[in-house]
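I opened the structure to look up strands, helices, salt bridges and surface in turn. My notes are kept in that order.

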Amino acid sequence: MPSFRVGLVTYDDGARLRVPLTQSADELQKGLDMVAAAGGGDYEEGVDKGLYLAQRPEQLGWSRRAHRLAVVVGDAPPHEGDVAPLLKRLVAASEDELFDHPFVVHTVSTDPAGVPHFGSIARAGRGAHVTLVRTDLLAQELVLLTFGARHRALAEAWLEDVERLEKLLGR
């Protein structure tokens, strides 16, 4: 039976490991509870630093055989000078012989106009880019990007079940 682990890395102009790879929903929820979006002094963010930290096996806990996947969610692009080195590093990560599978990067623009460079980041990371028109669809898109378009019907049914359960519990 396949298993999966989830971790959480956040970024602003720097990066922070919130939760190393875990199977614990409680640990992930604790990490998510510590995250708050806030304004900054500049528009650009350290997307490259977040992805660099997410790739590091000694920090996150990747195994050699893992299907490594990162989903970048944001409303601001990386610093312009960081884009070319980031794209180069993502291409190299997809060809890293130390791992059985490439490092895949999906991007989610939470700005309806799209986030500059997120499409290029996804292409370099052999992933997909999604622009949300409604932020309440973020959870659905995360599930769909994680498990793939071929499982869309199953993921949508699961999300409907979760929504029904939340209504029953009064959340």
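The entries below record what I looked up.

**Ground rules.** I am working from a predicted model, in which local features need pLDDT of at least 70 and side-chain atom pairs count only at pLDDT 80 or more, while totals for chains, interfaces and linings use all residues. Residues are numbered from 1 along each chain as its sequence is written, and side-chain values use heavy atoms, with hydrogens and water left out.

I took helices (H or I, at least four residues) and strands (E, at least two) as DSSP runs, numbered from the N terminus. Two strands count as paired if DSSP finds at least two bridges between them. Strand β1 (residues 6-11) pairs with strand β2 (residues 15-22) in the antiparallel sense, over 5 bridges. I found 3 residues between β1 and β2, which form a hairpin. I also noted threonine 10, which stands opposite arginine 16 in β2.

**Entry 2, open sheet.** I then looked up the sheet of 3 strands, which is open, pairs in parallel and has the order β3-β4-β5. β3 (68-74) and β5 (129-131) each have a single partner strand and stand at the edges, so one side of each lacks a neighbour in the sheet. The twist averages 15 degrees from one strand to the next; for angles, axes are lines fitted to C-alpha atoms (for helices over the stretch in contact), and values run from 0 to 180 degrees between N-to-C directions. Strand β4 (residues 103-109) is joined to β5 by 3 bridges, and the two run parallel. Serine 109 has threonine 131 in β5 as its bridge partner. Helix α6 (residues 138-147) packs on this sheet and touches β3, β4 and β5, its direction making about 155 degrees with that of β3. Contact here means heavy atoms within 4.5 Å.

Is α2 mostly covered or mostly uncovered? I found 7 of its 9 residues buried, so α2 is mostly covered. Buried means under 20% relative accessible area, exposed over 50%, and partly exposed in between (1.4 Å probe, protein chains only). The buried residues of α2 include Leu51, Leu53 and Ala54. Aspartate 48 sits in this helix, residues 47-55, and counts as buried because its relative accessibility is 10%. Leaving out residues up to four places away in sequence, aspartate 48 touches Asp82, Leu86 and Arg89.

My rule was a side-chain nitrogen of Lys or Arg within 4 Å of a carboxyl oxygen of Asp or Glu. By this rule I count 8 salt bridges. The side chains of aspartate 48 and lysine 49 meet in one at 3.8 Å, N to O. Lysine 49 counts as partly exposed, at 35% relative accessibility. Aspartate 82 also forms a salt bridge with lysine 49, the closest N and O atoms being 3.9 Å apart. That pair links distant parts of the chain, with aspartate 82 in the loop between β3 and α4 (83-94) and lysine 49 in helix α2, 33 residues apart.

Glutamate 27 and lysine 30 form a salt bridge with closest N and O atoms 3.5 Å apart. Because they are 3 residues apart in helix α1 (residues 25-33), about one helical turn separates them. Glutamate 27 is partly exposed at 37% relative accessibility.

Last, I noted a nonpolar surface patch of about 280 Å², made by Phe4, Val6 and Phe147. Such patches take residues with over 30% relative accessible area and no salt bridge, joining like charges within 9 Å and nonpolar side chains (Val, Leu, Ile, Met, Phe, Trp, Tyr) within 5 Å. Areas come from the Shrake-Rupley method with a 1.4 Å probe; for residues, only the protein chains shown count as cover. Phenylalanine 4 lies in the segment before β1 and counts as exposed, at 54% relative accessibility.
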